[in-house]
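Below are my notes on the model, in numbered points.

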Amino acid sequence: MLEIEGLHAGYGDVRVLHDVTLRVDEGEIVSIVGANGAGKTTLIRAVMGTLPTTSGSVRFLGERLTGRQSHEIARLGLAQVMEGRRLFPHMTVEDNLLIGGDILRDTARQRRNLGWVYEMFPRLRERRTQLARSFSGGEQQMLAIARALMTGPKLLLLDEPSIGLAPVMVKEIFSRFPGINAEGVTILLVEQDVRRSLSLSRRGYVIEQGRVVLEGDRDFLLGNEEVKRAYLGV
Amino acid sequence: MTSILQALFDGLASGAIYGIIALGLSLQFGVMKIINFAHGSFLMVAMYLTFWATSLLGLHLLAAIPLVVAVLYLVGWGTQRWLIEPVYRKEATREPISVLIFTTGLWIFLDNLFLVLAGPDYRTPAGDWANGVFVLGDLIFTYPQVAGLVVSVLVTLLLVLFMRYTRLGRAIRATGQDREAASVLGIDSAAVYRTSFAIGLAILGVAGALLLAIFPVDPFIGDLFGVRAFIIVVLGGIGSIGGALAGGLMVGLIESLGAQFLPITYSEALIFAIFLAVLYFRPQGLFGVERA
Ligand SMILES: Nc1ncnc2c1ncn2[C@@H]1O[C@H](COP(=O)(O)OP(=O)(O)OP(=O)(O)O)[C@@H](O)[C@H]1O
Ligand SMILES: [Mg+2]
């Protein structure tokens, strides 16, 4: 579904990603794990077109994404839950969600998706007329995920959904991912909470200093001595 | 007493027009974070277009409004697409300083272009509609004042409804609050910018026509009203639509009521003093939301 090959990207003269190759197949949950500053966000931004790539290719369902603008990429069926959530702070919860659905140009589908995400996160329905910025971190993260789902994505890119949240909240949010996946949404999950994210995933990639240093299925990675020592604190 | 009431009405009437002069500027600044220094000059262009529509085409001033609005919308779209966008794109990662310099250049260019095209003389609209009055006891309401008040409030209201309830309005608000977040949700921010700039100028088209009915145009009239629009945007709160109208009404009232008690230069100074005080104590403006 998503095929990244030999990708290089960075900020101006600072090169961050070096020759990254990875893929996500339809229906999977795949994790990308790595420490602070490893280049995880940079990778997601390069896929979504908010950061220009230097070389290499990104393909989605056979279409080339490199060189396209973010809004076009979003319209192909990719949605990103951005690091730091990035809600529209002066808008109500419902307006934040409707923006996500506007891409569909189909009011009936937009309504249906709204029902879907409200069912998934009932708290959002209760507070739908409130301003997004009045929310707690966990509620904001729910809203950010729900907003991305409103676009009806085929592939959902999640950038550190656990960051800054209390453990119960992390648990609650992660518990929704299998359900979302079962609805036909493929998930690429970027995380520092390695154990939790790998447990949910079928496969994973480990990124260090902008390179993929390890890849494999869940059990291989969770059993790997290197991963245990560096990320699982064993 | 009558003179106070009259001053009150006069202030509201010109203040409402000042409000919609500032509206487009506030919208552009709120959404694109660029300061359009050519705003006053575009107002001047709108006033001349209205003047020519009444004098050359023989249109009624109110009938000229849709025409002027259409032209200004297209001019705004084209300015954003072919002039500002290329400059903005080059600066995408830095502060858009060169856009500032560019709009300043545009301001000087337009003023001088119209000096050549229209000459240095003051112009007033053709036709005698602008001289018509309603008399109510001792109070006098001119047609342009009444039209200005009604149309300005209507335009403000329409813009509020548009921004709140339409898909495009939502896209404009979202882009203004977080461009990158909007673009990964499928919103084409370049298209939103073009539309926002165009809408800003279209509203200025209405304002220019209404203003011409109460104030003669010359090629440098934009300097006066441009500065005033900046003051109003800051008073009302950047990006706040209702705030622009409220700020405009405030300035209009200070001007007309001030003139009752103070020499004219004092009330002008008073406007600036209030402006500075607001900047100092409430930088988000009187009606603006605090920025996150
Ligand atoms: N806007 C930027 N300009 C310049 N360098 C940047 C920028 N954003 C990130 N970097 C650098 O790129 C490298 C990778 O950053 P990135 O944000 O992709 O890491 P990350 O894996 O997402 O980290 P975290 O887990 O902290 O979010 C870091 O060295 C960082 O300093
Ligand atoms: Mg990151």
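1. The model is predicted. Chain A contains an open sheet of four strands, ordered β2-β1-β4-β5, and the pairing is antiparallel. The edge positions are taken by β2 (14–24) and β5 (63–64) of chain A; each has a single partner strand, so one side of each is left without a neighbour in the sheet.

2. Strand β1 (residues 2–11) of chain A runs antiparallel to β2(A), and seven bridges join the two. E3(A) is placed opposite R23(A) of β2(A), and G10(A) has R15(A) in β2(A) as its bridge partner.

3. Helix α1 of chain A, residues 40–48, lies across β1, β2 and β4 (53–60) of chain A. The angle at which helix α1 runs to β1(A) is about 110°.

4. Which protein atoms are donors of the magnesium ion (ligand 2)? They are OG1 of T41(A) and OE of E83(A), at 1.9 to 2.4 Å from the ion. T41(A) belongs to helix α1 of chain A, whereas E83(A) is in the loop between β6 (78–81) and α3 (93–102) of chain A; the pair therefore ties together parts that are 42 residues apart in sequence.

5. T41(A) has 21% relative accessibility and so counts as partly exposed. E83(A), with 32%, also counts as partly exposed.

6. Ligand 1 has 13 residues around it, and those that come nearest are K40(A), T41(A), T42(A), E83(A) and E160(A).

7. Several side chains place polar atoms by oxygen atoms of ligand 1. For E83(A), a side-chain N or O atom is 2.7 Å from an oxygen atom of the ligand. For N36(A), a polar side-chain atom lies 2.8 Å from an oxygen atom of ligand 1. For Q192(A), the distance from a side-chain N or O atom to an oxygen atom of ligand 1 is 2.9 Å.

Conventions:
Residues are numbered from 1 along each chain as its sequence is written. Chains are lettered from A and ligands numbered from 1 in the order in which they are written. This is a predicted model: local features need pLDDT of at least 70, side-chain atom pairs count only at pLDDT 80 or more; totals for chains, interfaces and linings use all residues. Side-chain values use heavy atoms; hydrogens and water are left out. Two strands pair if DSSP finds at least two bridges between them. Contact means heavy atoms within 4.5 Å. Axes are lines fitted to C-alpha atoms, for helices over the stretch in contact, and angles run from 0 to 180 degrees between N-to-C directions. Donors are N, O and S atoms within 2.8 Å of the metal (3.2 Å for Na, K and Ca); water is not among the atoms, so sites may look incomplete. Buried means under 20% relative accessible area, exposed over 50%, partly exposed in between (1.4 Å probe, protein chains only). A residue is near a molecule or strand if one of its heavy atoms lies within 4 Å of it. A polar contact is a pair of N or O atoms within 3.5 Å; within protein, one must be able to donate a hydrogen and the other to accept it, and residues adjacent in sequence count only if both atoms are side-chain atoms.
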